[in-house]
Amino acid sequence: MVTMTARNPDAVEHSASPFVGAVMVDRRNGKVGVVMGHVGTYVQLRPPRGGREWDVPPEEVRPPTTAEELSAKVAVANRRWGR
């Protein structure tokens, strides 16, 4: 049996840093980004459709809501298909 719980986007993550490739949200501006790496104490995010990376303090990133994650994945798929 699988039990699912609703994701709380404001919950504090207990991991030290999100893993590379994870979709995260910058709490400061609400922008969704893919974790590209870690530089010093910062997490580097890049827009899902590509573009310039930006640095975010680890305490300012949160997991995306289901809708935010789906939107990011659709943006990546659309880029692949040239839309």
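Modeller: The side chains of Arg-62 and Glu-68 meet in a salt bridge, at 3.0 Å from N to O; a salt bridge here is a side-chain nitrogen of Lys or Arg within 4 Å of a carboxyl oxygen of Asp or Glu. This is a predicted model, in which local features need pLDDT of at least 70 and side-chain atom pairs count only at pLDDT 80 or more, while totals for chains, interfaces and linings use all residues. Residues are numbered from 1 along each chain as its sequence is written, and side-chain values use heavy atoms, with hydrogens and water left out.

Colleague: Is Arg-62 buried or exposed?

Modeller: Arg-62 is buried, at 11% relative accessibility, whereas Glu-68 is partly exposed at 21%. Buried means under 20% relative accessible area, exposed over 50%, and partly exposed in between, with a 1.4 Å probe and protein chains only.

Colleague: How many salt bridges does the structure hold?

Modeller: The structure holds 4. Among them, Glu-53 pairs with Arg-46, with the closest N and O atoms 2.8 Å apart. Glu-53 is partly exposed at 27%, and Arg-46 is partly exposed at 28%. Another joins Lys-73 and Glu-69 at 3.5 Å, N to O.

Colleague: Where do Lys-73 and Glu-69 lie?

Modeller: Both lie in helix H1 (residues 66-80), 4 residues apart, about one turn of the helix. Helices (H or I, at least four residues) and strands (E, at least two) are DSSP runs, numbered from the N terminus.

Colleague: Turning to the strands, in what order do they form the sheet?

Modeller: The 5 strands form an open sheet in the order E4-E3-E2-E1-E5, with antiparallel pairing. E4 (54-56) and E5 are the edge strands, each pairing on one side only. Two strands pair if DSSP finds at least two bridges between them.

Colleague: And which strands does E1 pair with?

Modeller: E1 is joined to E2 (residues 32-39) by 3 bridges and to E5 (residues 61-62) by 2 bridges. Val-23 has Val-34 as its bridge partner in E2, and Asp-26 stands opposite Val-61 in E5. E1 and E2 form a hairpin with 5 residues between them, and Gly-30 in the turn has a positive phi of about 80°.

Colleague: Which way do the side chains of E1 point?

Modeller: Val-23 and Val-25 point one way from E1 (residues 23-26), Met-24 and Asp-26 the other way, and all are buried. In a regular strand the side chains alternate between the two faces of the sheet.
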